[in-house]
Amino acid sequence: MSNSLDSYLILSGLLFAIGTFGFLARRNAISMLMSIELMLNAANLTVLAFGAFVAPLKTHAAVIALLVIAVAAAEATVGLAIIIAIFRNKKTPLVDEYDTMRD
Amino acid sequence: MPIGDSIPLTGIRWDDVLFLGLAAVLLVSALLVVTMRDIIRCGLAMIVSFASLAGIYVMLGNPLIAAAQVLVYIGAISVLVLFAIMLTQTKNAPNRLVFQTQTWAAALAAVVLAVLILAAILATTWPAAGERLWTATSDVAHLLFRDYVLPFEVVSVLLTAAVVGAVYLARREPSSREEDQS
């Protein structure tokens with residue numbers, strides 16, 4: 001089981017689906033960001049699984065995973081700064097109360 | 001005394017036990033991240049899921065990526081998320097509705113997505129080896145600093161820009177401080 005590519009791909013698919021559910025269902029903006037982190041981790045797991053089982057992709061997958069981790073860190077930084085900036089103005093972290101443009 | 005490849009008497013491989021354990025911890029903690037009411041606990045469950053994913057990266061023969069996962073995700077991003085939670089916490093937040101009103105539609109979409117992904121994985125014959133390959137860290141270093149040196153530099157510029165942008169976005173308005181003083 002641990003020596004077959006399928007089990008790792010299924011694991012990352014399930015993780016991605018869980019992240020999708022969290023992103024669509026949660027009201028708190030920070031929870032949505034955490035769900036995005038889960039989805040990014042699932043994508044990274046897919047890349048590394050292919051790298052571990054397909055010989056020509058081996059080192060390339062590791063490099064791509066490193067770059068994905070760096071970009072995810074940048075995304076989390078900017079996303080959380082935006083949430084904090086909105087919280088200063090609206091006094092709530094809940095996304096369905098960000099309805100200024102509806103009025 | 002050397003330990004064999006598999007558990008004695010049962011013939012179950014230690015690798016499989018380790019994989020199943022890490023996968024179970026990963027999926028359960030990820031489910032807790034998206035379903036728990038208290039958002040601080042969600043953040044702590046997220047740390048557990050990142051740690052088990054680092055274990056799976058080691059199983060996939062990538063100790064460098066596992067170390068980067070621990071340093072960047074557990075060390076930096078989780079702390080950032082916990083700080084943001086504490087900055088945006090309101091007193092009545094945990095008592096209020098955690099999910100949107102269309103949660104059933106979101107659950108349906110997630111289940112359909114999972115079924116589609118699983119069907120696509122199981123229907124495809126992957127040109128994969130039956131063994132996990134170990135990635136040597138020196139090979140990764142050679143590739144990163146020779147062939148991928150331009151993306152590497154672009155990512156470093158992106159990180160600098162992101163940090164500068166985050167500081168600009170999250171700082172207080174200077175006008176309010178002047179009003180306090182006057």
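1. A:Lys91 counts as exposed because it has 10 C-beta neighbours inside 10 Å (buried means 20 or more other C-beta atoms within 10 Å, exposed 12 or fewer, partly exposed in between, with C-beta atoms placed from the backbone). A:Lys91 is not a glycine, yet has a positive phi of about 60°. Most residues other than glycine have a negative phi. A:Lys91 lies in the segment after α3 of chain A (helices are DSSP runs of H or I of at least four residues, strands runs of E of at least two, numbered from the N terminus).

2. This is a predicted model, in which local features need pLDDT of at least 70, side-chain atom pairs count only at pLDDT 80 or more, and totals for chains, interfaces and linings use all residues. Residues are numbered from 1 along each chain as its sequence is written, while chains are lettered from A and ligands numbered from 1 in the order in which they are written.

3. Between the chains, 64 residues of chain A are in contact with 75 residues of chain B (contact means C-beta atoms, placed from the backbone, within 7 Å). On the chain A side, α1 (5-25), α2 (29-53) and α3 (58-90) each give two or more residues. The largest share, 23 residues, comes from α3(A). By class, the chain A side has 43 nonpolar, 15 polar and six charged residues (Ala, Val, Leu, Ile, Met, Phe, Trp, Tyr, Cys and Pro count as nonpolar, Asp, Glu, Lys and Arg as charged, the others, Gly among them, as polar).

4. In chain B, α2 (residues 39-59) and α3 (residues 63-87) pack at about 175° with axes 8 Å apart (axes are lines fitted to C-alpha atoms, for helices over the stretch in contact, and angles run from 0 to 180 degrees between N-to-C directions). That angle makes α2(B) roughly antiparallel to α3(B). This contact has 19 nonpolar, three polar and no charged residues.

5. α3(B) also meets α2(A): their axes come within 11 Å and cross at roughly 170°. The contact is made by A:Ile30, A:Met34, A:Glu37 and A:Leu48 of α2(A) and B:Ile65, B:Ile77, B:Val81, B:Ala84 and B:Ile85 of α3(B). By class, eight are nonpolar, none polar and one charged.

6. α3(B) bends by about 25° at B:Tyr73 (the angle between axes fitted to the seven residues ending there and the seven starting there). Buried residues of α3(B) include B:Gln69, B:Tyr73 and B:Ser78. Their cover includes α2 and α3 of chain A together with α2 of chain B.

Key:
Parallel < 35°, antiparallel > 145°, perpendicular 65-115°, else oblique. Contact = placed C-beta atoms within 7 Å.
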